[in-house]
Amino acid sequence: MLKPLLSGFSHIGRQVIDGTWRLGYATRFFLLVLLRSGLSFTRFGLVVRKVYFSGVLSLIIIIVSGLFVGMVLGLQGYETLVRYGSAEALGTLVALSLVRELGPVVSALLFASRAGSAITAEIGLMKATEQLSAMEVMAVDPIARVVGPHFWGAVISMPLLASLFSAVGVFGGYLIGVVLIGVDDGAFWSQMQAAVDFRHDILNGIIKSAVFGVAVAAIATFEGYDAPPTAEGVSGATTRTVVTSALAILALDFVLTAFMFTGQ
Amino acid sequence: MPGDHLVDIRNLEFAYGARKILTGINMTMERGQVVAIMGGSGCGKTTLLKLISGMLRPTSGEVLVNGEAVHRMDTDGLARHRRKLGVLFQFGALFTDLSVFDNVAFPLREHTDLPEELIRDLVLLKLHSVGLRGAHALMPHQLSGGMARRVALARAIALDPGLVLFDEPFTGLDPISLTVTGNLIRRLTDTLGLTSVVVTHDVAESLKIVDRVFFVADGRIAASGTPDEVRHTTDDFVHQFIYGEEDGPMRFHFPGGSMQADFGLGRGRA
């Protein structure tokens, strides 16, 4: 009777110890990446190549998703606002929803799935095929040469993609609200212009996406670098990147929103 | 004196946690020689290469390369040591996002400030020495296993190292590629004045090209000598290994529980 209970407790305890150890190890890795980021800035071309890898190659999914999210917002927003006779506020609703929340969060989730998983798979496979070891024995630091540029490439790409997502989303809302449904063009844009504040709304949205970028980049690079050098190991690490990033983005979003947009 | 022995390993012990891998290893490798380290799978051959390159540190004992203690080197010391070292990994470990040319140019671009025209000439020279100058524009996925290893060899000698370590260079090669790779190791060692350490299972090919062989078994040096000496050895393990005999000190079955216990024999199982 007591034995299964104790075994359960011991299992939970082991999980907690392992989790804490891994969190410490990941934090140490993250600090090491920051410490060895010098090369990423002295040879910025390496980072630019990774901006292409993470950012440019994610453009299609970001633009298409942004457009559809904006169109859905336009449709749903109009349906609700028209009941209260304030359909002209559609521009404000679409813009604030996108700039404050949906833009940073949805684009970060998409970025984690598209670019985060690709970063993990690339670094994990480089490890499995001994490319990182080859670099190490050539006296080239793989953290500085491979991980750093991937990390900064993702951090730079994320706010740009989120901004693009929001811009395309606003256009999607415009297409549905103004072009299709017939909301007044002038009211749509002028109300949006009056309600959206650059510092409070746009800048905070960009800060949010930058924080998500750091989180996704740190998780993706760590999972790749720490992946067991087998096919199963790399596939598991890729899955963990997507799941952990999604949870981190949602948790961070709650905390950031609480600090940025409440009590005003 | 460092002039005689390039690599000197003394009383080396190495363990992964509680699992002992190498015990009481003593070996010296002279300059300009091709030295083979042979032994069964998992006997610690690759671990020896990692200890020489400084990727692992011994539990006790000394690893001296050119008179310098590799196991006591700090990060900068290891970087200096590795710039004078070439390593060829089992399957080449070429960077898959770089062309053959860029793979060979990689160490030159990372460690020198040479102008791009000179790097181009050096890379083509190194590729010419392994017979692949014409393949400089190919990507790694377009190469056969043997070609990939030759490109990796060109990359390993790009900075003109004094010591080159080869980890299983003959694995998975067809007979022609195998002979080409073996001859290449010998020829480059002689013409460039290298010292080569080859970890391998391939008895026939290695004995043709090496100057000295070390046999590792159960984490120890079981025997060593010139190819002629080991061919005529009376040591049971070496004899079994060289002639690929089934019976001998090296067991086919991995140690485990008794047959009776594993199959439930003698307990009246139906």
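This is a predicted model: local features need pLDDT of at least 70, side-chain atom pairs count only at pLDDT 80 or more; totals for chains, interfaces and linings use all residues.
Figure 1. Strand 9 (residues 212-217) and strand 10 of chain B run antiparallel and are joined by five bridges. Strands of a sheet pair through backbone hydrogen bonds, in either a parallel or an antiparallel sense.

**Figure 2. The six-stranded open sheet of chain B.** The order of the strands in this sheet of chain B is 6-7-8-3-9-10, and their pairing is mixed. Strand 6 and strand 10 (220-225) of chain B form the edges, each pairing on one side only. From one strand to the next, the twist averages 15 degrees.

**Figure 3. Strand 6 of chain B and its parallel partner.** Strand 6 of chain B runs parallel to strand 7 (residues 163-167) of chain B, and four bridges join the two. Within this pair, B:Val87 faces B:Leu165 of strand 7 of chain B as its opposite residue. In a regular strand, side chains alternate between the two faces of the sheet. In strand 6 of chain B, B:Leu85 and B:Val87 point one way, whereas B:Gly86 and B:Leu88 point the other way. All of these residues are buried.

**Figure 4. Helix 3 of chain B and its covering elements.** The buried residues of helix 3 of chain B are B:Val100, B:Asn103, B:Val104, B:Ala105, B:Phe106, B:Pro107 and B:Leu108. The elements that cover them include helix 4 (116-129) and helix 5 (145-156) of chain B.

**Figure 5. The contact between chain A and chain B.** Ten residues of chain A and 13 residues of chain B make up this contact. On the side of chain B that touches chain A, at least two residues come from each of helix 2 (75-83), strand 6 (85-88) and helix 3 (100-111) of chain B. By class, that side of chain B comprises eight nonpolar, two polar and three charged residues.

**Figure 6. Strands 1, 4 and 5 of chain B.** Strand 1 (residues 5-16) and strand 4 (residues 60-65) of chain B pair in the antiparallel sense over five bridges. B:Arg10 has B:Glu62, in strand 4 of chain B, as its bridge partner. Strand 4 of chain B is also joined by two bridges to strand 5 (residues 68-69) of chain B, and these two strands run antiparallel. B:Val65 lies opposite B:Glu68 of strand 5 of chain B. The hairpin of strand 4 and strand 5 of chain B has two residues between the strands, and B:Asn66 takes a positive phi near 55 degrees in this hairpin.

Figure 7. Chain A contains ten helices and zero strands. Its C-alpha trace spans about 65 × 60 × 35 Å along the principal axes, and 45% of the 264 residues of chain A count as buried. Among contacts in chain A between residues at least 6 apart in sequence, 87% join residues at least 24 apart. A:Ala210 belongs to helix 9 (residues 198-226) of chain A. A:Ala210 counts as partly exposed because 16 other C-beta atoms lie within 10 Å. Apart from neighbours within four places in sequence, A:Ala210 is in contact with A:Met158 and A:Pro159. A:Thr42 is 168 residues from A:Ala210 along the chain, and the C-alpha atoms of the two residues are separated by 22 Å.

Definitions and conventions:
Residues are numbered from 1 along each chain as its sequence is written. Chains are lettered from A and ligands numbered from 1 in the order in which they are written. A residue is buried if 20 or more other C-beta atoms lie within 10 Å of its own, exposed if 12 or fewer, and partly exposed in between; C-beta atoms are placed from the backbone. Two residues are in contact if their C-beta atoms, placed from the backbone, lie within 7 Å. Ala, Val, Leu, Ile, Met, Phe, Trp, Tyr, Cys and Pro count as nonpolar, Asp, Glu, Lys and Arg as charged, and the others, Gly among them, as polar. Two strands pair if DSSP finds at least two bridges between them. Axes are lines fitted to C-alpha atoms, for helices over the stretch in contact, and angles run from 0 to 180 degrees between N-to-C directions.
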